[in-house]
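This report describes the sheet, the helices and the ligand surroundings of one protein model. Please keep the sequence and the structure in view while reading.

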Amino acid sequence: VPRVEKHQFQAETQQLLHIVAKSLYSDKEIFIRELISNANDALEKLRYVQLSAGGEQVGDDKREIYLYVDDINKTITIKDTGIGMTKKEAIDNLGTIARSGSKLFIEELKKDKTNTDDGKIIGQFGVGFYSAFMVSNSVEVVTRSYKKDEPGYRWTSDGSGSYEIETLLDDVERGTSIRCHLRDDCAEFSKEETVKQIVKKYSNFVSAPIYINDVRVNNLRALWMEDAKSIKEDEHTEFYRFVSGQYDKPRYTLQYKIDVPINLRALIYIPQYKPNIFDVTQESDVGVALYSRKVLIQPKANQLLPRWLRFVKGVVDSEDIPLNLSRELLQDSNLIRKIRLLLSQRIIRFLQEQSKKDKAKYQEFYEDYKLFFKEGIVRTADQGEKEDIAKLLRFDSSREEQGNLISLEEYIDRMVPEQKHIYYLAGPSRELCENSPYYEAIRQKGYEVLFVYESHDEVLLMQLAEFDKKKLKSVESELETDTKKDDTILEGDARSLSQDEANQLKQWILKQFGDKIKNVKINTKLDQHPCIITTNEMGAVRHFLKTNLLQRN
Ligand code: ADP
Ligand code: MG
């Protein structure tokens, strides 16, 4: 047997190699992530065989990853002390693209029913290794299997038609070492600082220790994978600061784990920080990063949450997401849509729970973040989603002290029996709302009225239109529809004008104002006010008055 053999890549492998090297990944830097993931898989596999070896000697249990960069020779080397490869494994796994030795390994594990712990191995698509050819003139793999009496091998290729495999005569450490001889335009990946940043970005949470030129770089625990009870508050704070890039603390923390209908691990924070108007108006990215098995896929995963939730920070991890999914694919993936729905519903439910647990804290949060909720309601066309978000809204109410806010659900719970709708009144202040003739008319019926003071609140409530099958009605429009039936004075009301007098007054007003007004109606519902002037578009008038008054002051 010759010591060096030359092999041709299979025809499909050659074609695929070209695609991977040229266009599968959008960023070249991710080859580091892929090679580290493979190294981590090799370490995990070693752990499995050591656990199940039953006394068979598989060597020491050191499980570490070393990166060496050499910016003079323009190389980067990724080395692990993992399971290694036999000659056949190297030929099968490195010589054939889209063949994943890791996937086969997981399938073997699954045959053993007592083993439920297969979630730690990352690879399953069999393309990651080839990303090394995006940046390399040639790739050199030195490997020795953990199996007894196996020699070491050197596998080399320039990523075009063929590869060579050489049996090594000297001693080789167990594990695999992959050296990339970088192309000139990719020489940056032989710079220590650059590589350190890339490792921290993508592989900071890989379980095995990672060293660059013998200095440890990854040091954070992947908290989202851990048991919620085991995490201390200051660990959350440290982690929150890492994911958010902010220096405040989490105000709320939500850890969310499900396995059905999809695998999902999420750690979501709401910042202590009070957003300013700039934060609200700018179209910033969402603050949630997408991981798969602790490896970063996308730092700001905009598709993962609806726009209005862009203020939350954190991490979402799903085993079901392939690592090599490109940004474009992420966008219209069904899976991502599912995750978005699950997450946003869970966050809404979580906030409702918090509101019940500690009303004052929630109310403070609400005052800080309400503009996001309102935006969410106005932005979506989906009534179900509007009403979901509306559960988070809080209102000043005629039945409560000012500033003691209530939810729409609370309002509905205490509606009087014959009441059909939810009533609100928009006005510049609580005092003016309470003195409004519109409010007077509705209060007499014993109905509670929500008071809103911002001009956008009217637009919001009109857009929402309904909540829990009850219409949201402005008391102004209610009164207008009510008065259509009127124009008659009740007999025997001593405080009132007679029908004749009232009719005369009406004719006189009509004549005086001419075409400045549309109509005059007689109304007997008012108690404290002599009359009301209404218009079709009360909101617009209020806006006009407000801006004019402001100018005058
Ligand atoms: P995947 O990781 O999705 O399986 P890759 O193309 O990244 O696909 O790797 C192909 C296969 O090569 C792996 O499944 C594994 O069997 C083998 N392999 C790659 N890197 C290593 C390594 N460092 N140690 C041992 N085996 C490796
Ligand atoms: Mg891989």
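Strand 5 (residues 152-157) and strand 6 (residues 162-168) run antiparallel and are joined by six bridges. Two strands are said to pair if DSSP finds at least two bridges between them. Helices (H or I, at least four residues) and strands (E, at least two) are DSSP runs, numbered from the N terminus. The model is predicted, so that local features need pLDDT of at least 70 and side-chain atom pairs count only at pLDDT 80 or more, while totals for chains, interfaces and linings use all residues. Residues are numbered from 1 along each chain as its sequence is written, and chains are lettered from A and ligands numbered from 1 in the order in which they are written.

**The sheet**

Strands of a sheet pair through backbone hydrogen bonds, either parallel or antiparallel. Strand 6 also pairs with strand 1 in the antiparallel sense, over five bridges. Individual partners in strand 6 are listed below.

| Residue | Partner in strand 6 |
|---|---|
| Thr-156 | Glu-164 |
| His-7 | Tyr-163 |

Four residues lie between the strands in the hairpin of strand 5 and strand 6, where Gly-159 takes a positive phi near 80°.

Which order do the nine strands of the open sheet follow? The order is 1-6-5-4-7-3-2-8-9, with mixed pairing. Strand 1 (4-8) and strand 9 (215-216) stand at the edges with a single partner strand each, so one side of each is left without a neighbour in the sheet. Helix 2 (residues 30-52) packs on the sheet and touches strand 2 (65-70), strand 3 (75-80), strand 7 (175-182) and strand 8 (210-212). The direction of helix 2 makes about 20° with that of strand 3. Axes are lines fitted to C-alpha atoms, for helices over the stretch in contact, and angles run from 0 to 180 degrees between N-to-C directions. Helix 5 (residues 192-203) lies across strand 2, strand 3 and strand 8, and runs at about 165° to strand 8.

**The surroundings of ligand 1**

Ligand 1 is surrounded by 23 residues (C-beta atom, placed from the backbone, within 6 Å). The closest are Ala-42, Ser-100, Gly-101, Gly-123 and Gly-128. Helix 2, helix 3 (87-94) and helix 4 (101-111) are the elements that give two or more residues to this shell. Helix 2 gives the most, with four residues.

**A pair of helices**

The axes of helix 10 (residues 359-379) and helix 11 (residues 383-390) come within 8 Å and cross at roughly 165°. That makes helix 10 roughly antiparallel to helix 11 (an angle over 145 degrees). Phe-373, Gly-376 and Ile-377 in helix 10 meet Lys-386, Ile-389 and Ala-390 in helix 11 (contact: C-beta atoms, placed from the backbone, within 7 Å).

**Backbone exceptions**

Most residues other than glycine have a negative phi, and most peptide bonds are trans. Asp-149, which is not a glycine, has a positive phi near 65° and is found in the loop between strand 4 (136-144) and strand 5. The peptide bond from Val-260 to Pro-261 is cis, with omega near 0°. Pro-261 is placed in the loop between strand 10 (250-258) and strand 11 (264-271).

Key:
Parallel < 35°, antiparallel > 145°, perpendicular 65-115°, else oblique. Contact = placed C-beta atoms within 7 Å.
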